[in-house]
Amino acid sequence: MTTHTIILIQFTADDNSRTYLDFETLDKSLSSLCDIYEAKLKLSNPSLSTIQYDLVDLLSYLDSLSDLSCLSYSEKTKTYLPHGWDWIKSVLYNQLKEESLANAV
C-alpha cells in the first residue's frame with residue numbers, strides 16, 4: 001500500500017518512551033514493527049546467531065507495548081486516519097501472510 005504512515009509508539013509506561021516513526025508507505029511502517037521486535041530479541045539474546053519467532057510472538061510483543069497506534073494518509077479525504085492495535089495487528093497479519101504465500105511460490 002502506498003500511503004504515508006506515522007506510527008505512534010510508547011514502549012513502556014514511562015512517558016519518555018513515546019516516539020513516532022514516519023514512513024512513505026504502510027508496508028514499510030509494518031516492516032519496521034517487525035524490525036523493532038527483532039532488534040529487541042537480538043538484545044535479549046546476544047549469544048544467538050539466528051533469531052526465530054512466529055506471528056504469535058510478534059503479536060504478543062505488540063500487545064506488551066504501553067501504546068501503539070498509527071495515522072495513515074487517505075488520498076480520498078486528504079486527512080490522516082487513526083488506527084489502533086487491532087487494526088495494526090490485522091493489517092500486519094495480512095501483509096505477512098501475503099509475503100509468506102509469495103515466498104512459497
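Leave aside the neighbours within four places in sequence, and Leu 30 is in contact with Ile 88, Val 91, Leu 92 and Gln 95. Contact here means heavy atoms within 4.5 Å. This is a predicted model, in which local features need pLDDT of at least 70, side-chain atom pairs count only at pLDDT 80 or more, and totals for chains, interfaces and linings use all residues. Residues are numbered from 1 along each chain as its sequence is written, and side-chain values use heavy atoms, with hydrogens and water left out.

Stay with Leu 30 for a moment. Leu 30 sits in helix H1. Is Leu 30 buried or exposed? Leu 30 is buried, and its relative accessible area is 2%. Buried means under 20% relative accessible area, exposed means over 50%, and partly exposed lies in between (1.4 Å probe, protein chains only). Leu 30 and Leu 58 are 28 residues apart in sequence. In space, their C-alpha atoms are 12 Å apart.

Now step back to the whole protein. The protein has three helices and four strands. Helices (H or I, at least four residues) and strands (E, at least two) are DSSP runs, numbered from the N terminus. Along the sequence, the pattern reads β-β-α-α-β-β-α. The C-alpha atoms fill a box of roughly 50 × 45 × 20 Å, taken along the principal axes. Of the 105 residues, 30% count as buried. The protein exposes about 6900 Å², and carbon and sulfur atoms supply 54% of that area. Accessible areas come from the Shrake-Rupley method with a 1.4 Å probe; for residues, only the protein chains shown count as cover. Take the contacts between residues at least 6 apart in sequence: 49% of them join residues at least 24 apart.

Next come the strands. They form an open sheet of four, in the order E2-E1-E3-E4, with antiparallel pairing. E2 and E4 stand at the edges with a single partner strand each, so one side of each is left without a neighbour in the sheet. From one strand to the next, the twist averages 20°. Two strands pair if DSSP finds at least two bridges between them.

Follow strand E1, residues 5-10. Five of its six residues are buried, so E1 is largely enclosed by the rest of the structure. Six bridges join E1 to strand E2 (residues 18-23), and the two run antiparallel. Leu 8 has Tyr 20 as its bridge partner in E2. Ile 9 stands opposite Thr 19 in E2. E1 also pairs with strand E3 (residues 67-74), over six bridges and again in the antiparallel sense. Here Gln 10 is partnered by Asp 67, and Ile 6 by Leu 71.

Leu 71 leads on to the next strand. Its bridge partner in E4 is Pro 82. Five bridges join E3 to strand E4 (residues 79-83), and these strands run antiparallel. E3 and E4 form a hairpin with four residues between them. Look at Lys 78, which lies in the loop between E3 and E4. Most residues other than glycine have a negative phi.

Finally, turn to the helices. H1 lies across E1, E2 and E3, and runs at about 25° to E1. Axes are lines fitted to C-alpha atoms, for helices over the stretch in contact, and angles run from 0 to 180 degrees between N-to-C directions. Two packed helices are described by the angle between their axes and the distance between the axes. Helix H1 (residues 26-44) packs with helix H2 (residues 55-64) at an angle of about 90°, and their axes are 11 Å apart. H1 and H2 are therefore roughly perpendicular to each other. Angles under 35 degrees count as roughly parallel, over 145 as roughly antiparallel, 65 to 115 as roughly perpendicular and the rest as oblique.

Which residues meet where H1 packs with H2? Leu 33, Cys 34, Ile 36, Tyr 37 and Lys 40 in H1 meet Asp 57, Leu 58, Tyr 61 and Leu 62 in H2. Seven of these residues are nonpolar, none is polar and two are charged. Ala, Val, Leu, Ile, Met, Phe, Trp, Tyr, Cys and Pro count as nonpolar, Asp, Glu, Lys and Arg as charged, and the others, Gly among them, as polar.
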